[in-house]
Amino acid sequence: MYRSRGAHSVVWFFLLLMLIIGGGLFWLEMKISPLVEAVAKEKAQTAVIKIIQESIARQVASDLHYEDVMEVYRDDNGKIVLMAPNYGTINTISSNVFLDVENSMRHMATEEISVPLGTILGSRLFAAAGPDIPIKVFPIGKIDVNLSDEFIQAGINQIKHRVSVEVTVEVKVLIPFYGEEMTVSSGAPVCESIIIGDIPNTYFNMSGNQMGDVGTGLSGLLSGGVFSGK
């Protein structure tokens with residue numbers, strides 16, 4: 001009889017212990033999981049932005065001039081009368097950046113980013129302690145490379161024309177028991193020039209269509225995605 005009561009006590013003790021441990025692990029998961037997910041997305045975004053910036057730096061020549069990207073026509077008095085994108089140069093930049101980013105993203109998919117659990121928990125003392133949480137980043141969907149421009153008031157009778165390249169990549173972030181898709185975009189200026197004096201009345205967009213006065217709303221010349229693919 002006493003043995004039966006003792007056996008029942010041991011069983012209840014272990015059941016209670018398992019319940020406490022299970023509840024503790026559930027509470028810990030509920031507290032840590034959002035932190036792990038947030039850190040994983042941040043690390044993935046940082047890594048992809050670095051790839052985009054490095055690809056742009058490699059593929060856009062340091063000696064690229066404004067005149068290489070934009071064709072500017074002047075009259076006999078030196079006044080700008082027409083501006084149009086140099087589609088050959090623009091397509092070369094776009095395709096080269098696209099291929100570089102695509103290759104770098106494929107290489108990234110074979111690697112793994114790891115973050116110590118102490119870093120995720122925000123501990124300064126144990127920042128490098130604890131097991132490493134593996135993070136994998138895979139490219140999905142398409143990579144878009146877009147050249148855009150903008151006109152910016154730069155002073156009295158002066159307008160700055162800036163041309164930039166922007167890359168958008170769709171990726172999937174994977175950590176143990178969690179995965180999420182996200183879109184990462186980053187870009188950098190390619191070239192710029194200050195237009196002094198009268199602004200041109202005619203310019204052409206990326207599709208080769210003639211547009212209106214540059215000064216109306218200071219709209220850009222370039223429009224639409226230049227290069228994209230799977």
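This is a predicted model: local features need pLDDT of at least 70, side-chain atom pairs count only at pLDDT 80 or more; totals for chains, interfaces and linings use all residues.

Colleague: How many helices and strands does the chain have?

Modeller: There are four helices and nine strands; helices (H or I, at least four residues) and strands (E, at least two) are DSSP runs, numbered from the N terminus. Along the sequence their pattern is α-α-β-β-α-β-α-β-β-β-β-β-β.

Colleague: And what percentage of the residues count as buried?

Modeller: Of the 230 residues, 33% count as buried. Buried means under 20% relative accessible area, exposed over 50%, and partly exposed in between (1.4 Å probe, protein chains only). The accessible surface of the chain is about 13,800 Å², and 57% of that surface belongs to carbon and sulfur atoms. Such areas come from the Shrake-Rupley method with a 1.4 Å probe; for residues, only the protein chains shown count as cover.

Colleague: Which residues touch the most other members of the largest nonpolar core?

Modeller: Val48, Val69, Val167 and Val169 do, in a core of 46 residues. A nonpolar core is a set of buried Ala, Val, Leu, Ile, Met, Phe, Trp, Tyr and Cys residues joined through side-chain atoms within 4.5 Å. Helices α1 (2-59), α2 (66-69) and α3 (87-109) are among the elements that each supply at least two residues of this core, as are strands β2 (80-85), β4 (132-155), β5 (158-175) and β6 (178-196). The largest share, nine residues, comes from α1.

Colleague: Which residues does Val169 touch?

Modeller: Leaving aside residues up to four places away in sequence, Val169 touches Val48, Ile52, Val101, Met105, Lys142, Ile143, Met182, Thr183 and Val184. Contact here means heavy atoms within 4.5 Å. For the chain as a whole, 63% of the contacts between residues at least 6 apart in sequence join residues at least 24 apart.

Colleague: Let us turn to charges. How many salt bridges are there?

Modeller: The structure holds six, a salt bridge being a side-chain nitrogen of Lys or Arg within 4 Å of a carboxyl oxygen of Asp or Glu. In one of them, Arg58 pairs with Asp100, and the closest N and O atoms are 2.6 Å apart.

Colleague: What does that pair tie together?

Modeller: Arg58 lies in helix α1 and Asp100 in helix α3, so the pair ties together parts that are 42 residues apart in sequence. Arg58 is partly exposed, at 48% relative accessible area, whereas Asp100 is buried at 12%.

Colleague: Where do Arg106 and Glu102 lie?

Modeller: Both are in helix α3, four residues apart, about one turn of the helix. Arg106 counts as exposed at 55% relative accessibility, and Glu102 counts as buried at 15%.

Colleague: Which residues are linked in a network of salt bridges?

Modeller: Glu150, Lys160, Arg162 and Glu192 are. Within it, Lys160 forms a salt bridge with Glu192, with 3.9 Å between the closest N and O atoms. Lys160 lies in strand β5 and Glu192 in strand β6, so this pair ties together parts that are 32 residues apart in sequence.

Colleague: How many bridges join β5 to β6?

Modeller: There are 18, and the two strands run antiparallel; two strands pair if DSSP finds at least two bridges between them. The bridge partner of Lys160 in β6 is Ile194. The two strands form a hairpin with two residues between them, and Phe177 in the turn has a positive phi of about 70°.

Colleague: And what of β1 and β2?

Modeller: Strand β1 (residues 70-74) runs antiparallel to β2, joined by five bridges, and Tyr73 stands opposite Leu82 in β2. This hairpin has five residues between its strands, with Gly78 in the turn at a positive phi of about 85°.

Colleague: Lastly, which residues form the nonpolar patch on the surface?

Modeller: Phe14, Leu17, Met18 and Ile21 form it, with about 390 Å² of accessible area together. Patches are made of residues with over 30% relative accessible area and no salt bridge: like charges are joined within 9 Å, nonpolar side chains (Val, Leu, Ile, Met, Phe, Trp, Tyr) within 5 Å. Phe14 is in helix α1 and is partly exposed at 47% relative accessibility.

Definitions and conventions: Residues are numbered from 1 along each chain as its sequence is written. Side-chain values use heavy atoms; hydrogens and water are left out.
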